[in-house]
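Biologist: I'd like to go through this model with you, and I'll keep asking how you know what you say. Can we put it on screen?

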Amino acid sequence: MSFKTTDLCDEFSEELAICKQEFKSYGAKQAFCGSIATVKVLEDNVLVKEALNAIPKGHVLVVDGAGSKNCALLGDRVAAIAVTRGIEGIIINGCVRDTADLAQMDVGVLALGSNPLKSKKEGKGERDVSVTFGEVEWKPGDYVYVDEDGVIISERSLN
């Protein structure tokens with residue numbers, strides 16, 4: 001898996017969506033790509049954990065946490081599930097915690113920021129639905145490519 005988002009943009013710009021949300025990278029993987037799986041939650045990470053236990057190896061979990069910075073939707077224990085199962089990355093429109101541990105884990109993690117407070121555990125939210133943030137639509141089954149230059153989405157695999 002070798003790619004540069006800049007090269008993909010040069011070659012496929014007409015068919016790509018460029019995420020305009022700026023994220024901070026927290027995982028050890030700076031570049032990652034894969035088919036998108038989604039969850040939509042608000043300050044509750046039960047569905048995040050469930051999705052990481054269910055989605056296929058090589059996928060990227062996109063979590064629409066409504067941009068809330070009130071608590072973390074991912075920490076080291078939940079991220080460990082992704083590492084064990086071969087999930088390529090997790091993109092969170094919200095916060096993470098245990099950032100020093102995440103930095104050592106072989107998974108891509110993008111989030112808006114960090115917050116040490118854990119989330120609620122009520123199981124509320126939706127899985128496998130289209131979500132919108134960063135001025136793009138994230139649809140299950142589309143592909144996302146992430147590196148130091150940005151985040152792009154394609155309806156098909158580009159590599």
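This is a predicted model: local features need pLDDT of at least 70, side-chain atom pairs count only at pLDDT 80 or more; totals for chains, interfaces and linings use all residues.

Biologist: How many aromatic pairs does a search of the whole structure find?

Modeller: It turns up 3. Take Phe3 and Tyr145, whose ring centres are 5.4 Å apart with 80° between the planes. Phe, Tyr and Trp rings (for Trp, the six-membered one) pair if their centres lie within 6.5 Å; planes under 30 degrees apart are stacked, over 60 edge-to-face, and the rest tilted. So 5.4 Å makes Phe3 and Tyr145 a pair, and 80° makes it edge-to-face.

Biologist: Which parts of the chain does the pair of Phe3 and Tyr145 link?

Modeller: Distant ones: Phe3 sits in the segment before α1 (5-12) and Tyr145 in strand β11 (residues 143-147), 142 residues apart. Helices (H or I, at least four residues) and strands (E, at least two) are DSSP runs, numbered from the N terminus. Both of these residues, Phe3 and Tyr145, are buried.

Biologist: Why is the pair of Phe23 and Phe133 called edge-to-face?

Modeller: Because the ring planes of Phe23 and Phe133 are at 80°, with the centres 6.4 Å apart. This pair also links distant parts of the chain, with Phe23 in the loop between β1 (16-18) and β2 (24-25) and Phe133 in strand β9 (residues 131-133), 110 residues apart. Ring pairs join Phe23, Phe133 and Trp138 into a cluster.

Biologist: What makes Glu15 and Arg156 a salt bridge?

Modeller: Their N to O distance is 2.8 Å. The rule asks for a side-chain nitrogen of Lys or Arg within 4 Å of a carboxyl oxygen of Asp or Glu, so Glu15 and Arg156 qualify. By that rule the count is 5 salt bridges.

Biologist: How about Lys29 and Glu88: what is the distance between the closest N and O atoms?

Modeller: That distance is 2.9 Å, and Lys29 and Glu88 form a salt bridge. Lys29 lies in the loop between β2 and β3 (32-40) and Glu88 in the loop between α3 (76-85) and β6 (89-96), so the bridge ties together parts 59 residues apart in sequence. Lys29 and Glu88 are both buried.

Biologist: And what is the N to O value for Glu122 and Lys124?

Modeller: For Glu122 and Lys124 it is 3.4 Å, and their side chains meet in a salt bridge. Glu122 is partly exposed at 46% relative accessible area.

Biologist: Why does Lys124 count as exposed?

Modeller: Its relative accessible area is 56%, and the cut-off is over 50%, so Lys124 is exposed.

Key. Residues are numbered from 1 along each chain as its sequence is written. Side-chain values use heavy atoms; hydrogens and water are left out. Buried means under 20% relative accessible area, exposed over 50%, partly exposed in between (1.4 Å probe, protein chains only).
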